[in-house]
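Work through the exercises below with the sequence and coordinates open. Each task is followed by a solution in steps.

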Amino acid sequence: MKSNKLSLTLWSVICFSIMSCSTTKHLREGEKLYVEGDVKLEMDSNVNVERKEAFEEHLEGLLMPKPNKKALGIRWKLLFWNAGGGYDSTNNIVRRWLKNRGEEPVLLSDVNREYNENLLRNRMENLGFFNATVSSDTSIDDKTAKIIYTGIPRKIYRIDSVVFDIDSTTNIGKDIIATKSESLLKKNSNYNLDVIVNERDRIDNDLKNKGYYYFSPENILVEVDSTIGDHKVNMYVTIKPETTQQAKEPQKIGDIFIFPNYTLTSQGYTRRPNTEYLDLFDDNYYVIDRQNTFRPRVLTNHIFFERGRLYDRYNHNLTINHLVNLNAFKFVKNSFVPNPDSANTLDVFYHLTPLPKKSIRVELLAKTATVYNGSEANVTWTLRNAFKGAETVSVNVFGGYETQTGGNVNLNSSYYRYGAEVAITWPRLLSPYKWTPGRRFIPKTYLKLGYEFLNRRTAYTLNSSSLNYGYIWKENEQKQHDLTLAEIIYVQPRNISEAYQAQMDTVPTLRRIVEPQFSFGPNYTYTFTNTMQESLKNTFYFKGGLNLSGNVLGLIQGASYKNDNQKELFGTRYSQFVKIEGDGRHYLKLGQHSQLASRIMLGMSYSYGNSRSLPYLKQYYSGGPNGLRAFRARAVGPGSSMPENLGEENFFADQTGDYKLELNTEYRNRLVDFGVGILNWAAFIDAGNVWLQNRDDGKLGGKLSKEFLSELAVGAGAGLRFDFTFLVLRTDLAIPVRVPYLPKGDRWVFKDIDFKDSDWRRNNLVFNLAIGYPF
């Protein structure tokens, strides 16, 4: 206890010392703290205000140096530096620790106004404001100072004409002029240096795909004539005279050498072997693999060059991407060397260094919640290139436990589990039909076999087995497909205790957990996302799925639970259902560091024939750290049914359903960039519930009806996100504002909110600690 008090006292002293420090405390005589560089543009009144402010913000981002970092209006790093003694170099461990986490003050004397004026002027000129002027003035307030830069852009210059001044009798001239219609330089567009640079890159990229390996954007010259008047310019696109003849000639592909088991030696990467003693595979490739590490066909299927064809950048990059994404090589080195026997011909070398054949990874996890604690261990053994075809075999063995350390003891709260999964992934489609979804991405075939044993100690045990076989392929960077041809899940309960049996007699819905479960059938998932395009103001994510089980067999056997004619397979009743679900998300960029993220989740199912409802493992639930954060996981619904309470503070969360609707929206913004990571904050509102397909006397009000919208649970809250790039640690604090199982007129509970009441806080404040963003 003394140690805790001492630590608290020490931290209190440190925090008080930091906060009591002025940001200008240690400035020397005559020094001024530089706090802001402000750009003001004098533009026509008809210019859109938002565009003007965005332009000013863009220009302010160019100013150097940057003021000391600020969060919530406080220059916190400067406070640390001041608390560490400022310029005082006394060697003190506490001061040194504080100073290392702070930063020295940025002074007015550090700012070169003339440099910044030229910087702003050049940027405006590059955007077409050729007659722009910039002036600056300093504003001093006691020991702080800011600089105001006043810019007058004046009238912008526009493009009057674009002329491709290139010899059309040459091959390269013909190829450049042929793409003139795709030019980024358009008549009446604003002059913009960035667009000129992009136009050079466009021409270079097009030529690269036509064989001009040695050409570069630097060989293109765009001359601008701004003397024609009326604030217009003429542009002339030409090839620089000093461009070499080699750069003007398309290159053909010569010999292709593949070294799949390569280790860098003093011989280097591009030493050409003697082809006299090598066999030519498939009339195109020399595969130098004396240890027979890979089957040649596996490698050559991912090489998209052919002898005698023109070089092109698309196939160049496509080949590299495929070889890297085979997940078999540590290094992929590609070289092009002039063929010694043929002009304008390139020999291609692929030097591939394999990853270790075998590897093992051990993960130890700790889990904690309000009254639950536990841990989990995972050991994964990986075998790469298992069958000489870049296949990956992995064996994962896991085990864990969780125990209740607070509240009343719940029979279902403590458990231990263990199991294993064996997975094989092939970097191709194993199908009797010749089916190629596209060349750009590598399709994969997977087979997974899993087993898990779960022991709820004083309640029951479950033996779970699963098998999955299917394909994953990408249509493009935004679209992915996952087709599981066979998904088999088998769950068998054992050792149901008398105490749990007594609970089931009180709460019949608890029987669902310990019912045998057997589902089999295909499922399909489609994913679309463009969230990686950071330049877009609006981005989207969608994931939709279709899951089937027992449909054909159930129809053949005439299975019908309504007629008491349920069928079995291998001694167990199987599930028969159709399940459709979708997860749509929208991200609206509001500023440089702020956005509004929204999500709608919809799940529907239809159980028939051999089943009255979805099996427990396939049912929907709501609540928890990634959904309705004001309610615990599986603690909402179905519908307006009242959750079961097994004794004081001993709630059994098992509220599931056959339908689901969930709506979330979250405002996110940055608090501070603290060097090793970023601290963000968020405010959110969640709404949702689950419903049953059929009436259940144990959960009255749980069946889906036309009044389902009035049965939505609603919660709100706020939280912090610690973004360390490789890890996002999230904390959320939420409260329910609408409770669906209360009487209709009393479901909104704003009137009951009372943060001063300890009982209210204990029953309504829900804290979530999670990894990653909820959506």
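The model is predicted: local features need pLDDT of at least 70, side-chain atom pairs count only at pLDDT 80 or more, and totals for chains, interfaces and linings use all residues. Residues are numbered from 1 along each chain as its sequence is written, and side-chain values use heavy atoms, with hydrogens and water left out.

**Exercise 1. Aromatic pairs**

Task: Classify the ring pair Phe-257 and Phe-349, and state which strands hold the two residues.

Solution. 
1. Rings of Phe, Tyr and Trp (its six-membered ring) pair if their centres lie within 6.5 Å; planes under 30 degrees apart are stacked, over 60 edge-to-face, and the rest tilted.
2. Under this rule there are 27 aromatic pairs.
3. For Phe-257 and Phe-349 the centres are 5.0 Å apart and the planes at 25°, which is a stacked pair.
4. Helices (H or I, at least four residues) and strands (E, at least two) are DSSP runs, numbered from the N terminus.
5. Phe-257 belongs to strand S7 (residues 252–259) and Phe-349 to strand S11 (residues 345–354), so the pair ties together parts 92 residues apart in sequence.
6. Both Phe-257 and Phe-349 are buried (buried is under 20% relative accessible area, exposed over 50%, partly exposed in between; 1.4 Å probe, protein chains only).
7. The rings of Phe-518 and Phe-520 have centres 5.4 Å apart and planes at 45°, so that pair is tilted; both residues are buried.

**Exercise 2. Charges over rings**

Task: Find which ring Lys-474 lies over and which ring Arg-634 sits over.

Solution. 
1. The criterion is NZ of Lys or CZ of Arg within 6 Å of the ring centre and within 35 degrees of the ring normal.
2. Lys-474 lies over the face of Phe-441, 5.0 Å from the ring centre.
3. The charged end of Arg-634 is over the ring of Tyr-621, at 4.2 Å from its centre.

**Exercise 3. Salt bridges**

Task: Are Glu-666 and Arg-721 buried or exposed, and which network do they belong to?

Solution. 
1. A salt bridge is a side-chain nitrogen of Lys or Arg within 4 Å of a carboxyl oxygen of Asp or Glu; the count is 35.
2. Glu-666 and Arg-721 form one at 3.1 Å, N to O.
3. Glu-666 lies in strand S27 (residues 659–673) and Arg-721 in strand S29 (residues 713–723), so the bridge ties together parts 55 residues apart in sequence.
4. Both Glu-666 and Arg-721 are buried.
5. The salt-bridge network consists of Arg-629, Glu-666, Arg-668, Asp-686, Arg-721, Arg-730 and Asp-732.
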